Amino acid sequence: MKKDTLEKVALQLLNQNSIKAVEILNNEYPFTFLERSKRTYTETQKIKQYIKDGFIDRYSGERLINPGLLKVISFYLPNDFPYHPHWKMDKCHNAYWELIPTLDHIYPIALGGADSEENYATTSMLHNSIKNNWTLEQLQWTLYPPGDIKDWDGLTHLFISLVEADKQLLNDSYIKKWYTLSTKEELLSKPMNVFVEK
């Protein structure tokens, strides 16, 4: 239908009838100016969403990994598993793009979507970049159901164990941030058996 509308508009323009072209466009395929929400989520809200989604990429169904764990691997194996603070693809292992969770707005803010938990989904940076400001319908993607944190915790328990076995890892600000988020008291108090007890 959209293609048909644009064909009609183009034919009207060919006949030098821009008034009719505007009428068709406004009736059948109008452009709407939208008020954009602002992104206001915190780091704590992000990890809570990852936990809520069971560290599952909601756009592919694939399992994702706690960001801190990847940085621990880079800390110990910097040449074989390189990290770059801006994730430059020629200087950073692909795992950072493919396996680290990020928070996305299911219905894009740029199109009027709300900045609220109901509109949040966990996905990889790779899929977040591809999706950009498109809707799932436009991309012909499916929203996969969330996982169960009891079945897959993004290797969070293993990340916490590694840090607690080698406290020098906390000198790395990235690792420290994700360790702090992963061990927050309010997250640990939830009925999940995936975290290592202190």
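**Charged pairs in the predicted model**

I began with Lys20, which at 32% relative accessibility counts as partly exposed. Its salt-bridge partner is Glu23, with N and O 3.4 Å apart, and Glu23 is likewise partly exposed, at a relative accessible area of 41%. I noted that both residues belong to helix H2 and stand three residues apart, about one turn of the helix. The model I am reading is a predicted one.

I next looked up Glu28, whose salt bridge to Lys8 has its closest N and O atoms 2.9 Å apart. Because Glu28 lies in helix H2 (residues 18–28) and Lys8 in helix H1 (residues 2–14), the pair ties together parts that are 20 residues apart in sequence. I recorded Glu28 as partly exposed at 30% relative accessibility, and Lys8 as partly exposed at 36%.

I then turned to Lys71 and Asp172, which form a salt bridge with the closest N and O atoms 2.6 Å apart. This pair links distant parts of the chain, 101 residues apart, with Lys71 in helix H4 (residues 67–76) and Asp172 in the loop between helix H8 (156–165) and helix H9 (173–182). Lys71 counts as buried at 9% relative accessibility, and Asp172 is buried too, at 14%.

I also found Glu43, Lys46 and Lys177 linked in a network of salt bridges, and I counted seven salt bridges in the structure.

For the setting, I noted ten helices and two strands in the chain, with buried residues making up 40% of its 198 residues.

Notes. Residues are numbered from 1 along each chain as its sequence is written. This is a predicted model: local features need pLDDT of at least 70, side-chain atom pairs count only at pLDDT 80 or more; totals for chains, interfaces and linings use all residues. Side-chain values use heavy atoms; hydrogens and water are left out. Helices (H or I, at least four residues) and strands (E, at least two) are DSSP runs, numbered from the N terminus. Buried means under 20% relative accessible area, exposed over 50%, partly exposed in between (1.4 Å probe, protein chains only). A salt bridge is a side-chain nitrogen of Lys or Arg within 4 Å of a carboxyl oxygen of Asp or Glu.
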